[in-house]
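Dear colleague,

I am passing on the structure below, and after it you will find some notes on what turned up when I went through it. Please read them with the coordinates open beside you.

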Amino acid sequence: MNLENTKAQMRKGILEYCILLNLSKKPSYASDIIAEMKTAQMIVVEGTLYPLLTRLKNDGYLGYRWEESLQGPPRKYYELTEDGKLFLRELDMAWSDLVDAINQLKNNNL
Amino acid sequence: MKKTFTINISGIVFHIDDDAYERLNYYILQINRHFGNDADAKEIVQDIESRISELFQERVKDGSEVITIEQVEEIIKIMGMPEAFADSKDEAEEIITKTTHSRTKKLYRDPDDRILGGVCSGLAAYFNIDPIIVRLIFVALFFGGGSSLIIYLILWIIAPKAANTAQRLEMKGEEVNINNISKTIKEEIQDVKENYQNFRANKSYIRSRERLDDAGGVVISVLRAILKIIVVFFGIILVSIGIIALIALFTSLFVSSEFIGITPFSNELPHYLGLFVSDGTLTWFWIGLTLTLGIPLIMLAYLGTKLIFRFESNNPAIGFSSLGLWIFGVILLIFASVHGFSDFKSVSTSTKQEPVVTKSDTLYLKLGADEFTDYLDSNFDLDGLRIASVNGKQFLLNEPRLEIEKSETNEFSVVVKSKARGRDLDIAQNNARNINYKFEQKDSLLTFQPWFMLPDKSVWHKQEIDIVLKVPENRTIYLSDEMVKIIHDIKNTSNMWDGDMVGKYWKMTPEGLELTQRKAAPVETSKKLKK
């Protein structure tokens, strides 16, 4: 068992949830999401994010619009769709269930 | 000092060092491979590219700086290698795409190590052997039949040149050993085994639905392995057929007329065609024929090599241009045929009448010596039309036809009617006049040549010679035995067949030709005979 690997697996599992959480506040574009994820130490390499965003978009949880940028190419601004909001709510519940479960396990052990 | 390129990433222009460019290009290629080829993948790669573009922009402030390899490495580190992108849901699929991609090795021409087009070194890279070996094989094959020349030219045309580093890497591929084909097959068999083992291991635990899926998986991988073997096998067959047929076609057109052992008419058809079709038409005909037969064969060999090496041609023009050439060939053939047929549009006859003056009461008809018997092509007989080859030259010969009619005058005479066709009346007339036919008279002996000959360099135009011998009343003729060759449906009072008429004396009476025993035979005898 590799510690780093296990940690990475844990992060990977909740990465989608994190992206949806991030977008629930305001629409933002990929680089902003990356910046936040990086500060939160959720991702190591940036490339990870793009396949996820595309998949969430294709599943109908995210939508995007193009916006011109002052420097560089036009940017994709992602936002949650109605489906996405519902999905996020479910994930919220799943997350609190998880946290409860973990807490319970911890308390029992003590 | 370094060479730089100007590149465009998501619409932004950058200057980039040569080595940095190749590194970046390979990185993007790796990403491309990782995600495969569908629409999703394109979108992801586009997004990643625009992020790379953004990261570069942060590093290149005033736009005139050149991106270095260190910067590229830094960005690759930020973006991460595709293997690190692993998206939990797609992990399983990813492994599959990865294994299929790792085996990809494509046939390219190697521009760095070439003598002509880099075909040999490309092949050498493909099979992971020394180029000198491939070159030696090619040279040996060239001197032993020349087949390698065709293979070389085909590969030169269809195999793309390895233009950049990524393609060069693809050319050399990952660890694929010399026996690429058998290795692929072995791996397929391994896959099949594993699949089957998984299937066996899980069998008792899973629901029937899943079992069905697994069984499907086994069947599919078995089928895939078989299919790959069939495809390669098929490719080899196609290439062989294409190349052998091409060689056969070219030798038959330009060397002798044997087409894969089939000899239509005779083994000198190409020479003979010149006797039937005028030179201009013939040239178009040959070009048209070469194109209509050759191009499908080349395409066959092309398809075969594609199947064997599984490379993608980077040139869609090949398909279009060969289709275009093929259609052009068909049009040429049609044009040549129409042009050829129009050579037969008009018909004209030329008649020469010569009196035969003799004191004798009887005219002896005989056939001249047949000087062509030994030179005739025994395979060729087109309704009496024959070909004689004398000293390497070919002549068209045909038999004249002799008829006998009653003369309106008191003299014998011979009418030679020559008939021929041509593009227009003048040409037809000319063709008719040019026919070479002679007969000789010596006292009461009339000698006919057994053949009429077309003049040298002239072309068949359905030339015919009809000879009419006009016999005055009460004069007699004798048909010698060999005359059976040229006499044609001669009317006689005893309705005798041509074959029976020879070797006999015939007298012209008001009713027509009448058989007589001897030239002095009384009329009664012949009448009795008739009864």
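**Rings, a helix and a sheet**

In chain B, the charged end of B:K485 sits over the ring of B:W451, 4.2 Å from its centre. Please keep in mind that this is a predicted model. In chain A, the charged end of A:K76 likewise sits over a ring, that of A:Y64, at 4.8 Å from the ring centre, and A:Y64 is also linked by ring pairs with A:W66 and A:Y78 into a cluster.

Over all chains, the search finds 13 aromatic pairs. One of them joins B:F5 and B:Y21, whose ring centres are 4.8 Å apart and whose planes stand at 50°, so the pair is tilted. Because B:F5 belongs to strand β1 and B:Y21 to helix α1 of chain B, this pair ties together parts that are 16 residues apart in sequence.

Finally, chain B has an open antiparallel sheet of three strands in the order β6-β7-β12. Strands β6 and β12 stand at its edges with a single partner strand each, so one side of each is left without a neighbour in the sheet. Between β7 and β12 of chain B there are two bridges, and B:N398 has B:F452 as its bridge partner in β12.

How values were computed:
Residues are numbered from 1 along each chain as its sequence is written. Chains are lettered from A and ligands numbered from 1 in the order in which they are written. This is a predicted model: local features need pLDDT of at least 70, side-chain atom pairs count only at pLDDT 80 or more; totals for chains, interfaces and linings use all residues. Side-chain values use heavy atoms; hydrogens and water are left out. Two strands pair if DSSP finds at least two bridges between them. Helices (H or I, at least four residues) and strands (E, at least two) are DSSP runs, numbered from the N terminus. Rings of Phe, Tyr and Trp (its six-membered ring) pair if their centres lie within 6.5 Å; planes under 30 degrees apart count as stacked, over 60 as edge-to-face and the rest as tilted. A charge sits over a ring if NZ of Lys or CZ of Arg is within 6 Å of the ring centre and within 35 degrees of the ring normal.
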